[in-house]
Amino acid sequence: MIGLLTNSLGKWKLANLVKKVDRKPVAMNLDHMESALVVFHINTAEEYKVVTDFCFYLKRNEGLNRVDIMAFCGAKEIPEFVDQNKVKVFGPKECNIYGIPEGSYLNPNKSYDLLVDFTPVSFVPTDAILALTEAKTKVGYHQDEKEYIFDLIIDVADNQLHLDYSKNIIRYLKMINKV
């Protein structure tokens, strides 16, 4: 019950913060992007590998100069499979009473060409990062609660979530403004 109340208050607070953001989306082709932020919720080693492989692909194959990875971890200890040199991990301790991350997790001085959400469900801590981080193009899973955040929404079958999703991100971003 307390978790549900905190989540509702967090969504309300986040909605008020988003109203103050003056954002102008830019439709960019992946070939013209130089930086990306990938956000996800640490669940399993398999999901972690898909996300980090996707980030490595963006750097190696698509030539992005900077690919930052940020992940929420609700566990008391960060799992061993997480490389904290590659992933900026935050948890409940870094969030305020509304569940919104504080401090350097919401860095207004950093801007990205691409922001990608790998959290298929609405979750206040990651939703806050997604909604309040400055990015020209924001991509996310199809979900009614988070549609206001994204410029490009991708719908995939539940059983192929991350793998199909990452392939479709590349595919659709390469189609934008292609002449």
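Mentor: What follows is a set of questions and answers on a predicted model.

Trainee: How many disulfides does the model hold?

Mentor: A disulfide needs two cysteine sulfur atoms within 2.5 Å. The cysteine sulfur nearest to that of C55 belongs to C73 and is 17 Å away. For C95 the closest cysteine sulfur is also in C73, at 12 Å, which is too far for a bond. The count of disulfides is therefore zero.

Trainee: Is C95 buried or exposed?

Mentor: Buried means under 20% relative accessible area. C95 has a relative accessibility of 12%, so C95 counts as buried.

Trainee: How far does helix α2 reach from its first C-alpha to its last?

Mentor: Helix α2 covers residues 45–60, which makes 16 residues. At 1.5 Å a residue, the expected reach is 22 Å. The reach in the model is close to that, at 22 Å.

Trainee: Which exposed residues does α2 carry on the face turned away from its buried side?

Mentor: Start with the buried residues of α2, which are Y48, V51, T52, F54, C55 and L58. They cover an arc of only 150° around the axis, so they sit on the same side of α2. A helix has 3.6 residues a turn, so residues three or four places apart point the same way. The face of α2 turned away from that buried side carries the exposed residues E46, K49 and R60.

Trainee: How many residues of helix α3 are buried?

Mentor: Helix α3 spans residues 124–132. Its buried residues are V124, P125, T126, D127, A128, I129, L130 and A131. Helix α3 is therefore largely enclosed by the rest of the structure, and its buried residues number eight of nine.

Trainee: Why is the pair of F118 and Y165 edge-to-face?

Mentor: The structure holds seven aromatic pairs. In the pair of F118 and Y165 the ring centres are 5.1 Å apart. Planes over 60 degrees apart count as edge-to-face. The planes of F118 and Y165 are at 90°, so the pair is edge-to-face.

Trainee: How many residues apart are F118 and Y165?

Mentor: F118 is in the loop between β4 and α3, while Y165 is in helix α4. The pair thus links distant parts of the chain. F118 and Y165 are 47 residues apart.

Trainee: What kind of pair do Y141 and Y165 make?

Mentor: Their ring centres are 3.8 Å apart and their planes are at 15°. Planes under 30 degrees apart meet the cut-off for this class. The pair of Y141 and Y165 is therefore stacked.

Trainee: Which element gives the most to the largest nonpolar core?

Mentor: The largest nonpolar core has 32 residues, and those with the most contacts inside it are F40, F118, Y165 and I169. Elements that each supply at least two of its residues include β1, β4, β5 and α4. With five residues, the element that gives the most to this core is α2.

Definitions and conventions
Residues are numbered from 1 along each chain as its sequence is written. This is a predicted model: local features need pLDDT of at least 70, side-chain atom pairs count only at pLDDT 80 or more; totals for chains, interfaces and linings use all residues. Side-chain values use heavy atoms; hydrogens and water are left out. Buried means under 20% relative accessible area, exposed over 50%, partly exposed in between (1.4 Å probe, protein chains only). Helices (H or I, at least four residues) and strands (E, at least two) are DSSP runs, numbered from the N terminus. The expected span of a helix is 1.5 Å times one less than its number of residues. The arc is that of the directions from the helix axis to the C-beta atoms. Rings of Phe, Tyr and Trp (its six-membered ring) pair if their centres lie within 6.5 Å; planes under 30 degrees apart count as stacked, over 60 as edge-to-face and the rest as tilted. A nonpolar core is a set of buried Ala, Val, Leu, Ile, Met, Phe, Trp, Tyr and Cys residues joined through side-chain atoms within 4.5 Å.
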